[in-house]
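Dear colleague,

Please find below the structure that I am handing over to you, together with its sequence. My notes on what was found in it follow directly after.

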Amino acid sequence: MLVPIREKNNHLPMTKDQRGARRQRLRPGSEFCLALFPILLLVGAWVAQVTPTPASPANPAFVDPLPQDTGAAGLKQTLVRLGTTARLMQDVAHPDDEDGGMLTLESRGKGATVLLLTLNRGEGGQNKIGSNLFDVLGVLRTLELLGADRYYGVEQRFTRVADFGFSKNADETFQKWQGHDVALGDMVRVIRTFRPDVLVARFSGTDRDGHGHHQASSILTQEAFRAAADSKRFPEQIAEGLLPWQAKKLYIGNVCGFGAQTCPAENYTVKLNVGEKNSLLGMSYIQFALEGLRHQLSQGAGG
């Protein structure tokens, strides 16, 4: 059925010939609208997928942003990040090994893009909230760590090696992990992909680290610092399109051991003040990091 159309400023019905001529003039535009309609539907569907919605039982995956990442504080945090292209990567063994204060200072305080590489998912560690062990515990600790990462302001990666429980030394750890190359290759891949300016080993790679996994994480980091820049190491990654990458600096942590009350100046080259208060966070960097660490309840960090 055709609906009568009136020309602007003309209150008389159009004749049959006029209607036909008008249809001729409208046809190209009508075809354009019909062609555009499916595109609009696709765009609308895409927007619906990428637009976040509030958390609910039907949508449990969405997590509300932290207050510090919204409003004026969130905007100022973004502006801080725009002030630098620096990239930092820290390597640790298990979830909760990370230096949260340092990560928060570098990410939120200095605006660096920061990545945390955790070798395993802690599936062989302690669990203080239930009887779940191994794979289920690994999933739980992964989720706890991701919750903490939101406070640190970092990206997260893992390697393929497993937490098999307490290890007395690095040699035993590498024997269980089938040598260096599985974990080292994964670490090199992350370095070549992320391309950090600074690489930080949380541990020293010595006996003072205690756990063999801790020692191994630092030994691997020191090896990966050079291996990632060598196109002859893990050439299959180069064949895939990754390029060698040499980080500019490598820093080693745990220079005085756990629980040390003092540390001789000759033991370190860089000292960071994570107790400094950040006005955008409303507390110091270490305090904000501890808010994140409290998500790791399976390790007794909720108190």
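Apart from neighbours within four places in sequence, Gly205 is in contact (heavy atoms within 4.5 Å) with Gln215, Ser218 and Ile219. The model is a predicted one, in which local features need pLDDT of at least 70, side-chain atom pairs count only at pLDDT 80 or more, and totals for chains, interfaces and linings use all residues. Residues are numbered from 1 along each chain as its sequence is written, and side-chain values use heavy atoms, with hydrogens and water left out.

Gly205 itself is found in the loop between strand 4 and helix 7; helices (H or I, at least four residues) and strands (E, at least two) are DSSP runs numbered from the N terminus. With a relative accessibility of 21%, Gly205 counts as partly exposed. On this scale, buried means under 20% relative accessible area, exposed means over 50%, and partly exposed lies in between (1.4 Å probe, protein chains only). From C-alpha to C-alpha, Gly205 and Asn254 are 9.0 Å apart in space, while 49 residues separate them in sequence.

Two further loop residues deserve a note. Arg195, in the loop between helix 6 (181-194) and strand 4 (198-201), has a positive phi of about 60 degrees although it is not a glycine. Its relative accessible area is 28%, so Arg195 is partly exposed. Phe234, in the loop between helix 7 (212-227) and helix 8 (235-240), is likewise not a glycine, yet has a positive phi of about 50 degrees. Phe234 counts as buried because its relative accessibility is 13%.

I turn now to the helices. Two packed helices are described by the angle between their axes and the distance between the axes. Axes are lines fitted to C-alpha atoms, for helices over the stretch in contact, and angles run from 0 to 180 degrees between N-to-C directions. Angles under 35 degrees count as roughly parallel, over 145 as roughly antiparallel, 65 to 115 as roughly perpendicular and the rest as oblique.

The axes of helix 2 (residues 71-81) and helix 3 come within 8 Å and cross at roughly 90 degrees. These two helices, helix 2 and helix 3, are therefore roughly perpendicular to each other. In their contact, Gln77, Val80 and Arg81 of helix 2 meet Ser107, Arg108 and Gly109 of helix 3.

Helix 3 (residues 100-109) and helix 4 (residues 135-152) have axes that come within 8 Å and cross at roughly 45 degrees. Helix 3 and helix 4 are therefore oblique to each other.

With kind regards
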